[in-house]
Each structure stands twice: as structure tokens, then as C-alpha cells.
Amino acid sequence: MRLAVFADIHANRQAFDACLKAARVRGAERIVLLGDFVGYGADPEWVVDTAMELVGQGALAVRGNHDQAVNSTAETMNAEAQMAIEWTRGRLGAPQRRFLADLPLTVQDQDRLYVHSEASQPARWHYVRATPDAARSMIATPAHVSFCGHIHRPALYSMSATAKMTSFVPKTDVPVQLLRGRQWLAVLGSVGQPRDGHPSASFVMFDTESCEITYCRVPYDIETAANRIRDNGLPHWLADRLSQGR
């Protein structure tokens, strides 16, 4: 089965729509959503409604920290992110908020684990910034491949049977075979707010039979997404950063 995996959509309708279309062109047979549907962007209703529809059609989805913040004042964020969450709370209806609240923190599907942040303490929202973070996550699960987001920058880690770690930044559209003798952690870039210096939206294709993963980039209408943020009175920095990929 060919999976299309998305993370950190962040209420960016234009980016999410472009990625969904690109994934279908690439033959996606199932959608996986790694959380942070809301926050930063100006179209939380459309994004959450689309996610709800996809889950109704068989997609898998987990909860991100921004999704949790919609229903919990205990989540602390920087000032701009907090402004966006407070604005988002006023935009979402009860069914949309319930959908986000009811999402699990992790989903295990055969030999694959899906989580927003990392597997050792998924409710603590730790970032996988380096090899020790990846190792901690992989030790916490027997999954052959784990998929996470949260950091908005693509990376791929592996661990051998003797706990030797490797890591690298995958190249766009270059398939990588995830060998069975190693354990893997695929850190996705962001659909709606990339932070790796490339403004194009990011997602992953994974073939469950061949165990090949391909990191994909998709151009989208950044100007419209940015103007939607400004027109809705959200902090302009959230709009400006889209074209900078940071």
C-alpha cells in the first residue's frame, strides 16, 4: 500500500490542498495525518473539516500540541502562537473541537508507529532535534518505522541491532529503502509552515511493500495563504515567514 503522510498542516488550506492533490497523483492509497491541524494559519475550519472527512474515509490521524491547545489552556506557547490558538478557538464549532480532542496521541499500524512529537513521552511534546532524541524515541517502541513531525524540518534516523545510529537529511524525490535490519524514525517536514529554509509544502510517500520512503515538496499559493493570515488580524510574522520557509 502506498501511504501519504502529512504533518503540521497548521490551518494552511492552500498548502494542504496542494499536498493532497500531489499525493493522489503519486498514487496514494491511504492518508496518515500526524497532527497540528490548527495554529498559525487562517483556515482551521476547512482543514479540520477536511481531516474529519478523510478520517471518515479510512485515514489515520493523531493529535498535535496545537490541536490539544484548542481544548486545553494548560498548553503554553509563545505569544504569536497563543494569539493564533485563541483566535482559532473562536472559529471552530463543537464537532470540530471534539474531533481534535478525541484524536489519539499515537497510532500503531502493523509495524509502523505514528506520533506527532516522539514515542517515549508523546504527551510532553519533545522535539526530535538530534540523534539522542531520535534514539530515545526509537527505544520506546518496537516499530520498524516510526513517523513524527513537530519540528517542521525533514530528517531520517536509523538504529542498528547494536544501537548504532545514523542520520541524514533526505533529498526531495529520492526514494530511500528502509532496510529491515534497522529501526527507523522518519521526521517529516511541515505541510503548512516549513522551517528548513524551503517554502514549498512538505509531505512523505511510503510504500509498505518495498519499505521505500520518498520526501516530497509541493509549491503552493503562498501569497493567498499569507494574505488570509493578515486579513484575519493574525500576527503578520506568521504570514511573512511562509515565503521564507522558517
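1. Ala4 stands opposite Met205, a residue of strand β11. The two strands concerned, β1 and β11 (residues 201-207), run antiparallel and are joined by 4 bridges. Strands pair here if DSSP finds at least two bridges between them; helices (H or I, at least four residues) and strands (E, at least two) are DSSP runs, numbered from the N terminus.

2. A word on the basis of this note. The model is predicted, so local features need pLDDT of at least 70 and side-chain atom pairs count only at pLDDT 80 or more, while totals for chains, interfaces and linings use all residues. Residues are numbered from 1 along each chain as its sequence is written, and side-chain values use heavy atoms, with hydrogens and water left out.

3. Which strands make up the open sheet, and in what order? The order is β3-β2-β1-β11-β12-β9, an open sheet of 6 strands with mixed pairing. β3 and β9 (176-177) stand at the edges with a single partner strand each, so one side of each has no neighbour in the sheet. In general, strands of a sheet pair through backbone hydrogen bonds, either parallel or antiparallel.

4. On its other pairing, β1 (residues 2-6) meets β2 (residues 30-33) in the parallel sense, over 4 bridges. Leu3 has Arg30 of β2 as its bridge partner. Between these two strands the chain passes through helix α1 (residues 13-25), and this β-α-β crossover is right-handed. The term means that, with the strands pointing away from the viewer, the path from the first strand over the helix to the second runs clockwise.

5. A second unit follows. β2, helix α2 (residues 44-56) and β3 form a right-handed β-α-β unit. β2 and β3 (residues 60-61) pair in the parallel sense over 2 bridges, and Leu33 has Ala61 in β3 as its bridge partner.

6. Asp36 deserves a look in the loop between β2 and α2. Its phi is near 55°, a positive value in a residue other than glycine. Is Asp36 buried or exposed? Asp36 is buried, with a relative accessible area of 2%; buried means under 20% relative accessible area, exposed over 50%, and partly exposed in between (1.4 Å probe, protein chains only).

7. His152 is found in the loop between β6 (145-148) and β7. Although His152 is not a glycine, it has a positive phi of about 70°. His152 is buried, with a relative accessible area of 2%.

8. Strand β7 (residues 155-159) has 5 of its 5 residues buried, so the strand is largely enclosed by the rest of the structure. Both faces are covered: Ala155, Tyr157 and Met159 are buried on one side, and Leu156 and Ser158 on the other.

9. Which strands does β7 pair with? One is β10 (residues 183-187), in the antiparallel sense over 5 bridges, where Leu156 stands opposite Ala186. Another is β8 (residues 165-168), also antiparallel, over 4 bridges; here Ser158 stands opposite Thr166. The hairpin of β7 and β8 has 5 residues between the strands, and Ala163 in this hairpin takes a positive phi near 70°.

10. In helix α7 (residues 222-231), the buried residues are Ile222, Ala225, Ala226 and Ile229. Seen down the axis of α7, these buried residues fall within an arc of 95°, so they line one face of the helix; the arc is that of the directions from the helix axis to the C-beta atoms. An α-helix has 3.6 residues a turn, so residues three or four places apart point the same way. Exposed residues Glu223 and Asp231 are carried on the face of α7 turned away from its buried side.

11. The count of cavities of 30 Å³ or more comes to 1. The largest cavity holds about 60 Å³ of space. Its lining has 14 residues, and nearest its centre lie His10, Asn12, Gly41, Ile229 and Leu242. By class, this lining has 7 nonpolar, 6 polar and 1 charged residues. Ala, Val, Leu, Ile, Met, Phe, Trp, Tyr, Cys and Pro count as nonpolar, Asp, Glu, Lys and Arg as charged, and the others, Gly among them, as polar.

12. The largest pocket contains about 240 Å³ of space. It is lined by 16 residues, of which Tyr40, Asn65, His66, Tyr127 and His150 lie nearest its centre. The lining of the largest pocket has 5 nonpolar, 7 polar and 4 charged residues. On a 1 Å grid over the protein atoms alone, a cavity is a set of points where a 1.4 Å probe fits but cannot get out, and a pocket is an open set with protein on both sides within 12 Å along at least five of seven lines; lining residues have an atom within 4 Å of a point. Grid points are joined across faces, edges and corners, and a volume is the space filled by probe spheres set on the points.
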